[in-house]
Amino acid sequence: MIPCTYTKTFPVDEWDRPGGFFSLADVPIAGHKELTREGTVLARDTSTQLYEVEDYEKGWVFIVPMDDVVLNEEEETQR
């Protein structure tokens, strides 16, 4: 597992926190925004240029294009 920083578009509330299915708060979605978060690469598919990424803080799992992921291989031994 390789630590990474990924960027993904999330529905957000009025305070720019992930909302909708990504929140337990009953707050309306105010829009969509690209958020950059820390995670771990679980798998990669070089033929489709996709990573499977698990969010470090919340444990969400997403399929993210490789262009939207920065690998932090030097941090691999620290986590």
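**Entry 1**

The model I am reading is predicted, so I noted its limits: local features need pLDDT of at least 70, side-chain atom pairs count only at pLDDT 80 or more, and totals for chains, interfaces and linings use all residues. Residues are numbered from 1 along each chain as its sequence is written, and side-chain values use heavy atoms, with hydrogens and water left out.

I then looked up the strands themselves. Strands here are DSSP runs of E with at least two residues, numbered from the N terminus. Strand β1 covers residues 2–12 and pairs with β2 in the antiparallel sense over 11 bridges. Two strands pair if DSSP finds at least two bridges between them.

**Entry 1**

Which strand holds V70? I found V70 in strand β5, residues 69–71. β1 and β5 are antiparallel and pair over 3 bridges. I checked Y6 and found V69 of β5 as its bridge partner.

V70 is exposed, at 51% relative accessible area. Exposed means over 50%, buried means under 20%, and partly exposed is in between (1.4 Å probe, protein chains only). V70 and P3 are 67 residues apart along the chain, yet 8.8 Å separates their C-alpha atoms. V70 touches P3, C4 and T5, leaving out residues up to four places away in sequence. Contact means heavy atoms within 4.5 Å.

I moved on to β3, residues 50–55. Its covered face holds Y51, V53 and D55, and its uncovered face holds L50, E52 and E54.

How many bridges join β2 to β3? I counted 6, and the two strands run antiparallel. G39 has D55 in β3 as its bridge partner. The β2 and β3 hairpin has 4 residues between the strands, and Q49 in the turn has a positive phi of about 60 degrees.

β3 also pairs with β4, residues 61–65, antiparallel and over 5 bridges. L50 has P65 in β4 as its bridge partner. This hairpin has 5 residues between the strands, and G59 takes a positive phi near 80 degrees.

**Entry 2: aromatic rings**

I searched for ring pairs. Rings of Phe, Tyr and Trp (its six-membered ring) pair if their centres lie within 6.5 Å; planes under 30 degrees apart are stacked, over 60 edge-to-face, and the rest tilted. The count comes to 7 aromatic pairs. One of them is F10 with W60: the centres are 5.9 Å apart and the planes at 45 degrees, so the pair is tilted. F10 lies in strand β1 and W60 in the loop between β3 and β4, so the pair ties together parts 50 residues apart in sequence. Both F10 and W60 are buried.

F22 and W60 form an edge-to-face pair, 5.0 Å centre to centre with 65 degrees between the planes. F22 lies in the loop between β1 and β2, so this pair ties together parts 38 residues apart in sequence. F22 is partly exposed at 26% relative accessibility, whereas W60 is buried at 18%. Ring pairs link Y6, F10, F22, W60 and F62 into a cluster.

**Entry 3: salt bridges**

Side chains of opposite charge can pair when their charged atoms come close. The rule I used is a side-chain nitrogen of Lys or Arg within 4 Å of a carboxyl oxygen of Asp or Glu. I found 4 salt bridges in the whole structure.

D13 forms one with R17, with the closest N and O atoms 2.8 Å apart. Is D13 buried or exposed? D13 counts as buried, at 4% relative accessibility. R17 counts as partly exposed, at 41%.

R37 forms a salt bridge with D55, the closest N and O atoms being 2.7 Å apart. R37 is in strand β2 and D55 in strand β3, 18 residues apart. Both are buried. E57 and R37 also meet in a salt bridge, at 3.6 Å from N to O. E57 lies in the loop between β3 and β4 and R37 in strand β2, so the pair ties together parts 20 residues apart in sequence. E57 counts as exposed, at 59% relative accessibility. Shared partners join R37, D55 and E57 into one salt-bridge network.
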